[in-house]
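Trainee: I have not seen this one before. Please take me through it step by step.

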Amino acid sequence: MAQTVNDVTDLMSDKTRRPKASFQIPIAIKYFFMMLVIGMLLLILIMGGKALRDAPPAAIHVSTQGLTATQYQALQQVMGQQRVSSFFTSDLQVLRDITMGLSWVDQVSITRDWQNGIVVKALPKQAVANFGTERLVDAKGTVFVPADDRELTQVQFATLQGEMTQAPVIMQQMQQINGWYAPLDMRVEDIILSPRMTWLIRFDNGLRVIVDNENTAQKLLNLSQLLGNQLDSRRADMQSIDLRYKNGFTIAWNIKAPQTETSDE
């Protein structure tokens with residue numbers, strides 16, 4: 001019986017010591033499959049790139065939101081002249097720069113849309129005054145040419161004149177003057193900044209004021225206070241006021257036509 005157990009044990013130990021057979025893939029086949037996978041990936045990339053290059057040009061859709069008919073037509077014309085690639089490869093930044101290059105455009109958004117293609121949304125600058133006779137200016141002092149020439153020289157706007165680089169300064173000055181003279185029911189109608197930095201101001205009641213660039217704000221503020229107090233009763237008789245003096249100013253008065261006497265015959 002002991003012999004039998006020992007024999008069984010020896011057989012079991014022989015099985016445990018016997019090496020297990022394993023299947024190993026040759027290295028050449030591994031490299032072959034690896035190269036095959038890499039080749040397929042490269043082929044997919046090449047075909048995808050070719051598909052993108054051969055894709056038809058993307059459609060450009062200009063939104064009408066926030067634009068007048070003339071502004072829409074102007075933007076549509078510019079976008080229609082652009083050569084774009086496919087839906088995915090078109091450079092949206094280039095289109096944005098072109099749109100912002102339009103003088104009257106204030107903000108622009110360009111996005112990709114599955115239904116409409118490349119969508120261009122633009123908001124125009126809002127004019128608050130004329131700048132000369134060929135341009136407008138917004139509240140920030142930005143000078144621009146409108147899309148519609150009919151917007152030029154609008155009668156309800158004041159007219160600013162001077163160097164374009166000085167437009168923000170002129171705009172700020174006009175806004176400040178309007179604030180000071182609003183209690184007098186006076187509003188700037190024309191304001192000019194000369195190359196010598198002299199200000200010429202004409203109010204909507206016909207009064208003209210000229211002032212130099214030395215203590216300009218203080219002189220204009222003092223004048224508004226005088227016109228509202230000591231000179232209030234004489235305002236209608238004033239033609240122009242010259243503030244280019246250190247210790248005072250001069251007033252040019254309206255000349256009243258002499259009354260002619262009529263005699264009965």
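**Loops, salt bridges, a pocket and a helix**

Mentor: Start with Asn215, which is exposed at a relative accessible area of 53%. Exposed means over 50% relative accessible area, buried means under 20%, and partly exposed is in between, using a 1.4 Å probe and protein chains only.

Trainee: Before we go on, what kind of model is this?

Mentor: It is a predicted model, where local features need pLDDT of at least 70 and side-chain atom pairs count only at pLDDT 80 or more, while totals for chains, interfaces and linings use all residues. Residues are numbered from 1 along each chain as its sequence is written, and side-chain values use heavy atoms, with hydrogens and water left out.

Trainee: Back to Asn215, then. Where does Asn215 sit?

Mentor: Asn215 is in the loop between strand S10 (208–211) and helix H6 (216–228). Helices (H or I, at least four residues) and strands (E, at least two) are DSSP runs, numbered from the N terminus. The phi of Asn215 is near 55°, a positive value in a residue other than glycine.

Trainee: And what is the phi of Asp185?

Mentor: Near 60°, again positive in a residue other than glycine. Asp185 lies in the loop between H5 and S8, and at 68% relative accessibility Asp185 is exposed.

Trainee: New topic. How many salt bridges are there?

Mentor: Eight. A salt bridge here is a side-chain nitrogen of Lys or Arg within 4 Å of a carboxyl oxygen of Asp or Glu. One of them pairs Asp106 with Lys140, with 3.6 Å between the closest N and O atoms. Asp106 is in strand S2 (residues 105–113) and Lys140 is in the loop between strand S5 (135–138) and strand S6 (143–144), so the pair ties together parts 34 residues apart in sequence.

Trainee: How exposed is Asp106?

Mentor: Asp106 is partly exposed, at 24% relative accessibility. Lys140 is exposed, at 59%.

Trainee: What does Glu189 pair with?

Mentor: Glu189 forms a salt bridge with Arg202, and the closest N and O atoms are 2.8 Å apart. Glu189 is in strand S8 (residues 188–193) and Arg202 in strand S9 (residues 199–203), so this bridge ties together parts 13 residues apart in sequence. Glu189 is partly exposed at 31% relative accessibility, and Arg202 is partly exposed at 30%.

Trainee: Which residue does Asp190 bridge to?

Mentor: Asp190 also forms a salt bridge with Arg202, with the closest N and O atoms 2.1 Å apart. Asp190 is in S8 and Arg202 in S9, so these parts, 12 residues apart in sequence, are tied together. Because the bridges share partners, Glu189, Asp190 and Arg202 are joined into one network.

Trainee: Is Asp190 buried or exposed?

Mentor: Buried, at 16% relative accessibility.

Trainee: What lines the largest pocket?

Mentor: The lining has 13 residues, with Gln156, Phe157, Ala158, Arg187 and Val188 nearest the centre. Helix H5 (167–181) and S8 each supply at least two lining residues, and H5 gives the largest share, four residues. By class, seven are nonpolar, three polar and three charged. Nonpolar covers Ala, Val, Leu, Ile, Met, Phe, Trp, Tyr, Cys and Pro, charged covers Asp, Glu, Lys and Arg, and the others, Gly among them, are polar.

Trainee: Last one, helix H3. Which residues of H3 are buried?

Mentor: Gln71, Leu75, Val78 and Met79. Seen down the axis of H3, they fall within an arc of 95°, so they line one face of the helix. That arc is of the directions from the helix axis to the C-beta atoms.

Trainee: Which residues are exposed on the other side of H3?

Mentor: Ala69, Gln73, Gln77 and Gly80.

How values were computed:
On a 1 Å grid over the protein atoms alone, a cavity is a set of points where a 1.4 Å probe fits but cannot get out, and a pocket is an open set with protein on both sides within 12 Å along at least five of seven lines; lining residues have an atom within 4 Å of a point.
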